[in-house]
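User: I am learning to read contacts between chains and around a ligand. Could you take me through them step by step?

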Amino acid sequence: MSRVYTIVKGHVKTWFRSKSTIFWTLAFPILLIVLFGAIFGTGNTRFDLYVQNQDLTANAPTPSSQGYVAALNHTGAFNIQTVPAEMSNPVSYVRDDAQLHNRGQRLLVIPVGFQNNLTNRKPADIQLYMDQSDQASPSLAGVITAVTSSYAASLSNSTVSLSVQQVPIVTHNTRYIDFFIPGVIGMTLLTSGVFGAVNTNGRYRELKIIKKLATTPLSKIEWILGMVGYQMFLAAISITVILLFGRFVFGVTATIDIYTIGLVVAAALLFPGIGMVLANFVKDADGAEAAANAITFPMMFLAGTFWPTETMPTVLKVIANYLPLTYINNGLRDAMIYLEPAQALTNTIIALGLAGFFIILGSVLMSWKEE
Amino acid sequence: MNNLSKKYGDTVAVNGISFGLSKGEVFAFLGPNGAGKTTTVEILECLRAPTGGQAKVLDYDVSKRSDQSEIRKRIGVLPQDFNAIDRLTVRENIDYFGAMYDHQLDSDQLIELVDLKDKRDEQFKTLSGGLKQRVGLAVALVNDPALVFLDEPTTGLDPRARRDVWYVIERLKKQGKTVFLTTHYMDEAEYLADTVSIIDHGQIIASGTPNELIDAHGGKKTLVIREAGEDGLKFLPPGISRPQLKNEDDIYIPLNNGELTTILIAIGQTPLANKEIEVRRPTLDDVFLNLTGRRVSEEGE
Ligand SMILES: Nc1ncnc2c1ncn2[C@@H]1O[C@H](COP(=O)(O)OP(=O)(O)O)[C@@H](O)[C@H]1O
Ligand SMILES: [Mg+2]
């Protein structure tokens, strides 16, 4: 165990003394966050309102429902987005669309039969889906109730009963930056894992350090454990820095739970495993580094680091399913931002499986002694 | 070590060699590039498996798994072209490799041994080639090994740095360590070694002390008269073996028994008597030349 500790300490010192590796593991991710944060903005989510008008006659909104939407619009308080009437699950549509455009997740549904009920003097209900923890919710609900009663009063028949029915939903009001932060973490784990392994296995072999170690009582397993331990350390440091930065500069609140930890452990095994496989197929260190570049960069872009994979063309979506980083990215988002434990669990299990496969393959392929 | 061999596919790198080392000696394995030195050494270090024969290191069998771990504890190794970890200091590197063993020597003591006191806290990458090699030596000694393998420890170093490495090896010898040295420098083997084995094309072609090898295979002594010029040739007595002019105007005369006095008396009264005159013993270079018909340096790095 003390041998493993010595190896971890050696890697950590080397990392700490090299300005370029510090840049790539800490400064570069921060730089990306600032850059993408600036480009996509952090959004003002206060007055966004999605409206789905289900009350149609002959494929067009009924006059009454249209009049009601116009009344809402007239207040100038809302930034109204229309949800197509045929959308069967408007709540989830709103969640996806709101995040992509940095909007608040609030949905008003005008149900089928709205006009009919009004003309027949039956009570008509409008559903307002919103998160009770949404800071804007009391004032928004107030404005909507006020608009609704004045609209009802303005109708010729003053005995009409029109009420707003509030449906609580849980939203995370995620913005682009909330989506991006877990992606940056995934990307950092990918690059430091793959390049770290290529360096410690390819470069150290070239320098005869591995040969020298193989003449000592150190075993191959201890050497690999040392490298993985170092990756865990790096992961902990860069995640801490990225999350603190996201928190204090962009107000991103991320949850660290058992899945987050599982995914980070998986990444600290998976990516060095891939790097070791590369370092053993491409024997010279420079070649292995080129191969590492060729693998990490496309993976970074296709695995949903910078934009959701759902927005990519079908072919690329299929490719994304085969990229290990996809499961790390998705899992981290489910765990840290969306709070979807079931999905986080699935992704964590897949990631751990891939991690086991690659680290074992890399370890078996790695020749500790000479042929 | 008995009848050891190693094949890589069809290439026979080491072809049935046998030799033994005595405790406390410096043994030099001398041969040109590609002769099979590294292959042999790495078999003894349990890094490669032999394809034939047996080898024992400190009475442990290199082919037995349980013996291998005993060997590893007791040997010290400086691989060919070894580099320590770039961004660790001299001292940190020594402690790093030392931590791989159950017991390690005091790093200050090792730093003193290789004379790196004032570089102790410098990072390895900032050191010159000669100093780097001295760090490698310290690292090879960190477990206080009974047997030290040094694979071409001075290749690529300038003459000054080579001397410094030699000096460290001499100190090891004084401490009673057994040293297995490989080299393609004849002068290095001659200067440092108690016993030399010359290896060529995977086979040992001669073994013995440097003196024994020179006596047996070195050939004749040579009389050198410096800056005598072509004119000098006419002052030489007739009937002596073929004098040669080398380096423009140095005269080289291979000496048969008894010829030395004849020549010296003959030239005593001529201008040659005022020149620098030297009798040269053959060197291991000549031994190699006589045994193989080639010079080692011709195929050196
Ligand atoms: N891993 C290897 N695979 C194939 N051939 C090798 C390998 N290592 C060494 N050789 C060959 O074996 C021969 C002896 O090499 P080596 O032991 O390195 O010689 P030396 O150390 O004396 O220069 C050379 O012809 C070399 O090309
Ligand atoms: Mg060699």
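User: How far apart are the closest N and O atoms in the salt bridge that A:K13 forms with B:E92?

Analyst: In this predicted model, A:K13 and B:E92 form a salt bridge in which the closest N and O atoms are 3.2 Å apart. The count between chain B and chain A is three salt bridges, and nine residue pairs, both at pLDDT 80 or more, are in polar contact between these chains. On the side of chain B that touches chain A, the elements giving two or more residues are β1 (2–8), α2 (65–74), α3 (90–98) and α5 (129–140), and the residues of that side divide into 16 nonpolar, five polar and ten charged.

User: How is the size of an interface often given?

Analyst: It is often given as the accessible area lost when the parts come together. Here chain B and chain A bury about 2600 Å² between them, with 59% of it on carbon and sulfur atoms. Of the area that chain B buries against chain A, B:L47, B:R87 and B:M100 supply 27%, more than any other three residues.

User: Which residues come nearest to ligand 1?

Analyst: Among the eleven residues around ligand 1, those that come nearest are B:G34, B:G36, B:K37, B:T38 and B:T39. Taken alone, ligand 1 exposes 560 Å², and the protein buries 63% of that.

Note on methods
Residues numbered from 1 in each chain as written. Chains lettered and ligands numbered in written order. Predicted model: local features only at pLDDT ≥ 70, side-chain atom pairs only at ≥ 80, totals over all residues. Heavy atoms only, no water. Near = heavy atom within 4 Å. Areas by Shrake-Rupley, 256 points an atom, 1.4 Å probe, with all protein chains shown as cover. Buried area = accessible area lost by both parts, 1.4 Å probe. Salt bridge = Lys/Arg side-chain N within 4 Å of Asp/Glu carboxyl O. Polar contact = N/O pair within 3.5 Å; in protein donor to acceptor, adjacent residues only side chain to side chain. Helix = DSSP H or I, 4+ residues; strand = E, 2+ residues; numbered from the N terminus. Nonpolar A, V, L, I, M, F, W, Y, C, P; charged D, E, K, R; others polar.
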